[in-house]
Amino acid sequence: GGDTELPLRVVQALAQTMDSPAGVLFMCGEADELLPEAHWNLPTPPGFTLAARAPAFEFIRERHWTDDLTEPPPLDDERLRAPGELAALPRAWLLVPLLLGDRLIGVVVLAQARARRAFDWEDIDLLRAAGSHVAGVLGQASIARRLAEARQFEGFNRLTAFLMHDLKNVAAQQSLLLQNAERHKRNPEFVD
């Protein structure tokens, strides 16, 4: 599929890994907020965003932490509890970070698995590896999209420079004609 399907495929792949029936991909936006990019069987309310600088997300980023939203917050520290806005997502279960190096580029929220299951260290390692791989793929897609846009702008700039050069030539010809018109307006050869 194309890049437009990539965010949805990311959600489905991570959800199927954990036998989850639904999920949402949030990507970091320009203003330090996580914006819903794609959802699969788990719609988000209109205008739904998450603050990327929340202490919980900083903890997730620093420790490469996959947060089980049904458990108490990490280290029993209420400041590290996932944002309350996630309560608006029905059956939210896991918060999987998408880390590119040490930079959080997004998170995937997965819904509770179809069958109750224990969430153990093997699941955490699997999601850490999958999240890292997904972050790399999304990062490459973003870079490719920005490169394509830059190439379009480069083509536009070349076209604009070409047109401006031609316009300047025509303007110079017209200016020269007007300067000489006053001097040679009685000369029939000039008028012709």
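Here is a walk through this predicted model, from its cores out to its surface. Residues are numbered from 1 along each chain as its sequence is written, and side-chain values use heavy atoms, with hydrogens and water left out. Because the model is predicted, local features need pLDDT of at least 70 and side-chain atom pairs count only at pLDDT 80 or more, while totals for chains, interfaces and linings use all residues.

Let's start inside. A nonpolar core is a set of buried Ala, Val, Leu, Ile, Met, Phe, Trp, Tyr and Cys residues joined through side-chain atoms within 4.5 Å. Buried means under 20% relative accessible area, exposed means over 50%, and partly exposed lies in between (1.4 Å probe, protein chains only). The largest such core has 25 residues, and the members that touch the most others are Leu-14, Leu-25, Leu-94, Leu-98, Val-108, Leu-110 and Leu-138. Which elements supply at least two residues each? They are helix 1 (6-17), strand 1 (23-28), strand 2 (33-40), strand 5 (92-100), strand 6 (103-111) and helix 3. Helices (H or I, at least four residues) and strands (E, at least two) are DSSP runs, numbered from the N terminus. Helix 3 gives the most to this core, with six residues.

Now for two loops. Asp-19 sits between helix 1 and strand 1, and its phi is near 55°, a positive value in a residue other than glycine. Asp-19 counts as partly exposed because its relative accessible area is 34%. Asn-41 lies in the loop between strand 2 and strand 3 (50-51). The phi of Asn-41 is positive too, near 60°, and Asn-41 counts as exposed because its relative accessibility is 56%.

Finally, follow helix 3, which spans residues 121-184 and holds Val-170. Val-170 has a relative accessible area of 45%, so it is partly exposed. Between Val-170 and Ala-13 there are 59 Å in space, C-alpha to C-alpha, and the two are 157 residues apart in sequence. Leu-159 belongs to helix 3 as well, and is partly exposed because its relative accessible area is 47%.
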